[in-house]
Amino acid sequence: MEKLEKKEVSQAIIVANNFTDNFAPFTDTTPVALLPIVNVPFLDYAIEFLNFSRIEETFIVVSSGVDQVRSHIEKRLKEYYIWSVKMTITVIGSEGSHSIGDVLRDIEAKGLIRGHFILMTGDTVSNANLIPLLERHKQIAKYDKGACMTVMYMELPPCMRTGDEVTVAVDRLNSRLLTHQRQNPLNRERSFTFDLEYFKLPSSAEIRHDYADPQIAICSPMVLTLFADNFDFETRDDFIRGLLINEEILDSRIYVAELPAGEYAMKVSNWQKYKIVSNDIIHRWTHPLSPDMGIGRMKLQYHISKNLVYKNKSVQLARSSVLKESLVIHEDSSVGDNSWLSQCVVGRRCRIGRNCKISNSFIFDDVVIEDNVQLDHCIIGQGVVIKGNTTVSGGSVCGDRVIIPDSSTIDKLTIQADPPEFSAPAQKLGNSAYIVVEEEDDEAGDSEDEEKDTAQTRIKRMIVDDCADVESDVSLSSDEEESHRASPVPEDANIFLSEVIDSLKRGFEEKSNPEFLVLEINSSRYAYNMSLSEVNFYVVQAIFHLSPLTDATTNVLAALKQIYNHLGPVLKNYIKGEAAMEDCLKAIQDVCQEKDNIKPRVSQIVHFFYSVDLVSEEAVVAWYENLDDDAKWLRDGLKKLIVWFQEASSDESSE
């Protein structure tokens, strides 16, 4: 009888601790994998990434804080996160581990891994599709029995500096890794120093110095054996360096996979990287792992408005407050009069007072910020209270439960609530505010230690040093600049919009069944990972791209009625509920601003949508009241309609 081939279960290992003090004082009590980034723990991003790649069994290895991680996973299971359907997660305590090498030796001793597996750290954020990379690794392993690992790298813009860059030589013929060295995390080299080994490379070798290392690898089972047999392999860099030096003795080889354009992977190894990755998440480089997609769960947390402002519906804003751009505000938070926020993340239940200015800052849950406070390039931990007239800047870090006294100036400092136990005596700012004295880096350290991947720990603060601010030594053509790191989101959104327009145009001209058009639109939605909010927005926009409206000048309303008579069921299928009505009105605002022929008739268009029950009076009034100052044309155009609503409401109440 022919034996059935047993399917290999796809497995992954997540190392929940980073074995550095880069995120102190938070990681003194909490594994780095549970720190929030854009209001979601790192671990949720990692698990969702593995779920996308159809990983069936995941081991989360924790050296400290194992009970916290177990509680987090149990909570997610009770909340029915998407990954809980097809993935099994096991949390493993490894209290004696002080490095990734110790973790893997512990895993090997337990005999948990049964085949090829994914190895990653808990502080990595990625939207990459590992399925083809895993299959490629397995195919290589079939023909090269010594293929033990495929390391993933992501190409970076020339001016970006994060602390995770590597210089490697790769054989173009088979993608085999030939040499590997980690770049200095503090300097932008105008030149590189290469060892003699580089000049002995084959002619097919390609040297790359624009790779970021997200610490994701596809491993063969022999990786665990190699770590178990070599106790000097503490980090992954030790492992790679040891194999390259002793390749013939160990009979093991490493291969390289470069992420394709549009896929993203970054390890968050320091606060500067934390800022970079947070901004990338907000700007949707990690799509579909973006704030409005409800990471890990089928529940939308935010409504997105222009300039990438993500706001939970329960947020309370004073009328004179300003939300400028690129920011996220979570549930039950409030912003006081004349406060200004830009490029920041605000957690749950935060209270921001009056006349505050906050930029490039990351505020965890339950923070109280009193009046006249300025925050710039800083991290504010959970439960922190910042008294009035205080300034925090320069990459300063305030740990959990810190209370900053009145009129304080905090610049380039780390503050924690309790006196440090093992470091030098701390300066006391208040009863719950102690300055942590940081140890100076030992510049006389030997060169071998400097090569370790822990060298990146020297970047410990968030700095004002963005790619846009740095003058690159390499001049790029405009085409190269546009294609260097192509964002998948605008391109996908444009393609999705064009497909919706084509579907509706054909359906309107051929009088197709509206139900079939809905099926076409939904198919495009899933193909391009569009959120429901985006679908609502683009379907309404597409209506205004159909020929009766594009050709209309004075008879706009008649053209709109003509389109609605056939495509009304399509609109009604999507525009349901308050959130969808808001998406609809935003789409009308955008399209009217762009098209001169319908801009003067915005009031008639909104009233038509109201008359056919696509939007409610309450939705229109709420949208009108939240319009920005630069939408004066829209306020003026809608003024009579809003007055009519108010008069109609007063007449009904008097009756």
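Tutor: Glu-331 is partly exposed, having a relative accessible area of 25%; with a 1.4 Å probe and protein chains only, buried means under 20%, exposed over 50%, and partly exposed in between. The model is predicted, local features requiring pLDDT of at least 70 and side-chain atom pairs pLDDT 80 or more, while totals for chains, interfaces and linings use all residues. Residues are numbered from 1 along each chain as its sequence is written, and side-chain values use heavy atoms, without hydrogens and water.

The partner of Glu-331 is Arg-348, with an N to O distance of 3.3 Å in the salt bridge (a side-chain nitrogen of Lys or Arg within 4 Å of a carboxyl oxygen of Asp or Glu). Glu-331 sits in the loop between strands S19 (327-329) and S20 (334-335), and Arg-348 in the loop between S22 (345-346) and S23 (351-352), so the pair ties together parts 17 residues apart in sequence. Strands (E, at least two residues) and helices (H or I, at least four) are DSSP runs numbered from the N terminus. Arg-348 counts as partly exposed, at 22% relative accessibility.

Arg-348 also meets Asp-365 in a salt bridge, at 3.9 Å from N to O. Asp-365 belongs to the loop between strand S24 (357-363) and strand S25 (368-369), and this pair again links distant parts of the chain, 17 residues apart. Asp-365 is buried, at 18% relative accessible area. Elsewhere, salt bridges with shared partners unite Arg-182, Asp-213, Arg-236 and Asp-237 in one network. By this rule there are 25 salt bridges.

Lys-110 counts as partly exposed, with 40% relative accessibility.

Helix packing can be read at H16 (residues 577-594) and H18 (residues 617-625), whose axes come within 10 Å and cross at roughly 55°. The axes are lines fitted to C-alpha atoms over the stretch in contact, with angles from 0 to 180 degrees between N-to-C directions. H16 contributes Met-581, Leu-585, Lys-586 and Gln-589 to the contact, and H18 contributes Ala-619, Val-620 and Trp-623 (contact means heavy atoms within 4.5 Å).
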